[in-house]
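The entries follow in the order I made them.

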Amino acid sequence: MADNPFSPRASGYSSYPTPSYQLGNDADDELDSDDDRSERGNYQKMMYHSELFFGAEDSENTSEDSSSGRNSPAPSVYSYHSSIDGSVLLRDLHGRVINSTSERYALPADVEEHGRLDIQHEMLKRKRNGLFFAQQPVRRALAAREGVERACLDIGSGSGSWLFDMAKQFPHVDFLGIDLAPANLNMTPPPNCRFECDDVNLGITHYKNCFDVIHISCVTPGIENYRKLMDEVAECLRPGGVYLTVEGDMNVHDENGDLVPELNEGEPGFTWTLRLVYAVREAMRARGPGNDNATKIYTFLQEQGPIWKTIGQKVIYIPVGPWEEKMSDKDRLTSEMMRQNFLRMVQSVRPLLLSFGYFEETVDKWSAGAIDEIENMKNKYYVRWLFTWAVKPGKP
Ligand SMILES: C[S@@+](CC[C@H](N)C(=O)[O-])C[C@H]1O[C@@H](n2cnc3c(N)ncnc32)[C@H](O)[C@@H]1O
């Protein structure tokens with residue numbers, strides 16, 4: 001891991017390398033399978049290879065030879081081919097690359113966005129003092145045991161940062177990342193790490209009883225029915241398995257931690273940051289429940305009842321920029337990361353807002369105002385983060 005949290009990682013946000021996938025068809029490329037793509041039933045479910053993200057566009061890899069002898073359970077049968085599938089899985093929306101398989105999730109899937117997610121990952125890691133809460137149950141669930149295979153699933157794996165760090169920490173465990181879009185990997189994933197492109201709204205019960213840990217971080221805007229997904233997660237976990245979630249609350253909290261209500265321009269307390277955040281919430285809601293389930297996960301766990309042996313939640317407020325009077329070095333760094341994350345988020349939500357119907361001039365005005373406020377720390381805002389976990393009964 002790079003010492004400097006702002007230096008390039010999985011996706012290289014500060015160097016902005018050209019993405020290795022291409023939008024548009026390349027007639028010279030062939031599928032690795034004989035099947036005609038148009039006839040394939042579950043076409044979205046694809047396995048892809050790290051080599052393809054290092055420019056090896058003509059790789060002969062197939063799903064059989066890809067895994068260096070390691071496989072998480074029930075691997076897909078189709079091999080991702082970047083130059084062909086890039087055009088199927090990804091599209092351009094108002095100048096950013098986004099997934100083309102879900103109308104619900106409209107944040108980008110490009111190098112810049114994965115760079116933002118890398119910063120967020122480093123920030124959360126520092127806040128949590130590691131990769132997960134519920135240390136004991138997770139370590140128990142992933143403990144190496146003679147003759148027992150261990151596996152972990154990351155739903156909505158994004159840039160792959162969490163998965164990479166976990167795979168290095170638990171080399172005996174097989175890790176699978178599922179996402180609508182491929183990660184922009186510019187470093188070799190650990191050999192126990194594999195990715196699939198799929199929409200989990202289509203169901204994940206083909207992975208029944210397959211995983212010891214399932215992690216879902218910041219994916220609520222892409223989930224049609226989060227409560228249903230949680231039932232499926234419980235089915236896919238083995239006895240003693242652990243479900244881990246992280247969600248940022250898409251509300252604005254003031255310096256006392258209180259919710260800042262929606263305000264109109266001219267009203268006392270109005271800010272451009274606030275305007276932008278609430279517009280994003282509205283645009284997401286037009287595509288589904290959006291981020292609204294982020295704060296309901298703990299209640300959903302309670303509703304699920306004895307399916308879980310224990311459940312827990314930790315709520316952390318992170319300042320957007322180091323504006324608090326007395327801050328430790330660590331808090332100063334994480335709040336700076338939150339500010340950088342927020343600044344990049346202003347760019348990431350642009351396609352979503354434009355496709356919702358806001359005029360370009362309007363979005364530009366809000367964005368410029370928000371960037372000025374955030375860069376100059378004009379607002380004393382917090383983002384609330386909810387970390388939730390649940391442990392299944394039984395011996396791992
Ligand atoms: C905000 S990013 C978070 C990425 C990563 N979990 C993290 O915390 O850095 C949300 C990710 O979830 C993926 N996603 C959203 N809806 C999904 C769905 N229905 N099925 C699979 N992946 C989904 C998106 O493509 C995106 O990469």
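This is a predicted model: local features need pLDDT of at least 70, side-chain atom pairs count only at pLDDT 80 or more; totals for chains, interfaces and linings use all residues.

Which residues point one way from S6, and which the other way? I found Cys193, Phe195 and Cys197 on one side, with Arg194 and Glu196 pointing the other way. All of them are buried, the Arg and the Glu included.

**Entry: strand S6**

I checked burial for the strand as a whole. Five of the five residues of S6 are buried, so the strand is largely enclosed by the rest of the structure. Next I looked for its partner: S5 and S6 run parallel and pair over five bridges. One of the bridge pairs I looked up is phenylalanine 175 with cysteine 193 in S6.

I stayed on cysteine 193, which sits in strand S6. Why does cysteine 193 count as buried? I counted 26 other C-beta atoms within 10 Å of cysteine 193, and 20 or more is the cut-off for buried. Skipping neighbours within four places in sequence, I listed the contacts of cysteine 193 as Leu163, Phe164, Ala167 and Phe175.

**Entry: the nonpolar core**

I then asked which residues have the most contacts inside the largest nonpolar core. The core has 89 residues, and the answer is Cys152, Phe211, Val213, Ile214 and Val242. As a rule, nonpolar side chains in soluble globular proteins tend to be buried together.

I picked valine 213 and wrote down what it touches, leaving out residues up to four places away in sequence. The list is Val138, Ala141, Leu142, Cys152, Gly241, Val242 and Leu244.

**Entry: positive phi**

Most residues other than glycine have a negative phi. I went looking for exceptions.

Alanine 134 has a phi near 55°. It sits in the loop between H2 and helix H3 (135-142). Is alanine 134 buried or exposed? Alanine 134 is buried, because 22 other C-beta atoms lie within 10 Å.

Asparagine 209 has a positive phi too, about 60°. I placed asparagine 209 in the loop between strand S6 (193-197) and strand S7 (211-217). Asparagine 209 counts as exposed, because it has 12 other C-beta atoms within 10 Å, and 12 or fewer is the cut-off for that class.

Histidine 94 went on the list as well, with a positive phi near 50°. Histidine 94 is in the hairpin of S2 and S3, which has two residues between the strands.

Strand S2 (residues 90-93) and strand S3 (residues 96-99) run antiparallel and are joined by four bridges. Leucine 93 has arginine 96 in S3 as its bridge partner, and arginine 91 stands opposite isoleucine 98.

**Entry: helix H6 and its cover**

I took the span of helix H6 (residues 272-285) from first C-alpha to last. Its 14 residues reach 20 Å, close to the 20 Å expected at 1.5 Å a residue. The buried residues I noted for H6 are Trp272, Thr273, Leu274, Leu276, Val277, Val280, Ala283 and Met284. What covers the buried residues of H6? The cover includes helix H8 (329-348), helix H9 (350-356) and helix H10 (360-375).

In H10 I stopped at glycine 369. Glycine 369 counts as partly exposed, because it has 19 C-beta neighbours inside 10 Å. Its C-alpha is 8.1 Å from that of threonine 271, 98 residues away along the chain.

**Entry: whole chain**

Last, the totals. The protein chain has 396 residues, and 47% of them count as buried. Of the contacts between residues at least 6 apart in sequence, 75% join residues at least 24 apart.

Key: Residues are numbered from 1 along each chain as its sequence is written. A nonpolar core is a set of buried Ala, Val, Leu, Ile, Met, Phe, Trp, Tyr and Cys residues joined through C-beta atoms within 7 Å. Two residues are in contact if their C-beta atoms, placed from the backbone, lie within 7 Å. Two strands pair if DSSP finds at least two bridges between them. The expected span of a helix is 1.5 Å times one less than its number of residues.
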